[in-house]
Amino acid sequence: MATIRLWFGRQNFCLLKKRSFLLLKLTAVVFAVLLFCEFLIYYVVIFRCNWPEVKTPAYDGKQETLDPVLKAMFLADTHLLGEVRGHWLDKLRREWQMERAFQTALWLLQPEVIFILGDIFDEGKWSSSQAWADDVKRFQKMFRHPQHVQLKVVAGNHDIGFHYQMNTYKIKRFEKVFNPERLFSWKGINFVMVNSVALEGDSCNICSEAEAELIEISHKLNCSREEHRSSRCGDGPPLPASAPVLVQHFPLYRRSDANCSGEDAAPADERDIPFKERYDVLSREASQKLLWWLRPRLVLSGHTHSACEVLHGAGTPELSVPSFSWRNRNNPSFIMGSMTPTEYALAKCYLPFEHTVLTVYCGAAGFLVVLILVHLGLLGSPFVLGWKLLRKFKTT
């Protein structure tokens, strides 16, 4: 009797040991997959990105010196989901992706200034005060950054509404959180941040104020280009004598994305669809005013969620920055810019593709199923199965 009990005890111990070992293997696989897909993949992908090199020798009469280089990062259309259209699971997934991507890029690349080109929120145009406060709190957590890193934000149509939805209250609410400055200079480089939603051209109060601000900025920039300052420029400190970089949400006017190419451009079946002025792009008139008033050397915009490079007027380049969120693209990205007062170089940094992460999860799930079936004896060991197939092949 004691022998039988001992035998049953050993059998139970072996069974428990096998189950524990299976549970350990399952836990290890799940932990490894989660660690890779939710953390490590961002480091693996973004580690391959490098700041572009720009060298601008300036001669001081005796020796060659180099202008200081500013490392600027540009991203667009984060579209943090709100309480109306945002399902909690969708919000969790998309916002975790953007938070990990941003924090990883911040740690690996160490930019000095970051520009977000509008549509920070998805429902800012109609959100209540409480919903707005909740969205802002989530944004500040996701895009937290050290004090020495500047974060600059321009308004998009989802933040304050299109022209017919926009009002002073929404603009003030936005500017209370994000610095309302329109002109930002650092390391001898001028950046003009435009509220492109207000460039409707119908002389509304908000639009008139926005145009007046831009005209004043244009005046300051023109004064900075003068070798001998005239009396009309005043006595204040002059701006750096550098053509500005224009940062805004709406792209300058173009007919469509027909001439855009690349893996992150608009889908081929959408590129020939004509753009609507004041909805998809700025109007011709507003675009011409910006180019004439500010004479920028580079324009960066968002809104379309896809990449595009175009030339305007006498050759002013514009780069449309794709969306930063998986909700809008399978292959989000951001722009890295190395800039000096006279030159710049741009490079694109892709984030992990969403379908890559889903493929890894599906592969891991299939592996776990096979592992469980093998343990239960419902599926032979792959080595045993392969050996049987090989023997069968040899005997035929």
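The model is predicted: local features need pLDDT of at least 70, side-chain atom pairs count only at pLDDT 80 or more, and totals for chains, interfaces and linings use all residues. Residues are numbered from 1 along each chain as its sequence is written, and side-chain values use heavy atoms, without hydrogens and water.

Side chains of opposite charge can pair when their charged atoms come close. Here a salt bridge means a side-chain nitrogen of Lys or Arg within 4 Å of a carboxyl oxygen of Asp or Glu. The count is 20 salt bridges.

Start in helix H2, residues 88-109 (helices, H or I, are DSSP runs of at least four residues and strands, E, of at least two, numbered from the N terminus). Asp90 and Arg94 form a salt bridge, 2.9 Å from N to O. They are 4 residues apart in helix H2, so about one helical turn separates them. Asp90 is partly exposed at 23% relative accessibility, while Arg94 is buried at 17% (buried is under 20% relative accessible area, exposed over 50%, partly exposed in between, with a 1.4 Å probe and protein chains only).

Next, take Asp122 and Arg327. Their closest N and O atoms are 3.7 Å apart in a salt bridge. Asp122 sits in the loop between strand E4 and helix H3, and Arg327 in the loop between strands E11 and E12, so the pair ties together parts 205 residues apart in sequence. Asp122 is buried at 2%. Arg327 is partly exposed at 32%.

Arg284 and Glu277 also form a salt bridge, with closest N and O atoms 3.8 Å apart. Arg284 is partly exposed at 42%, and Glu277 is partly exposed at 33%. Elsewhere, salt bridges with shared partners join Arg85, Asp90, Arg94, Asp122, Arg327 and Glu354 into one network.
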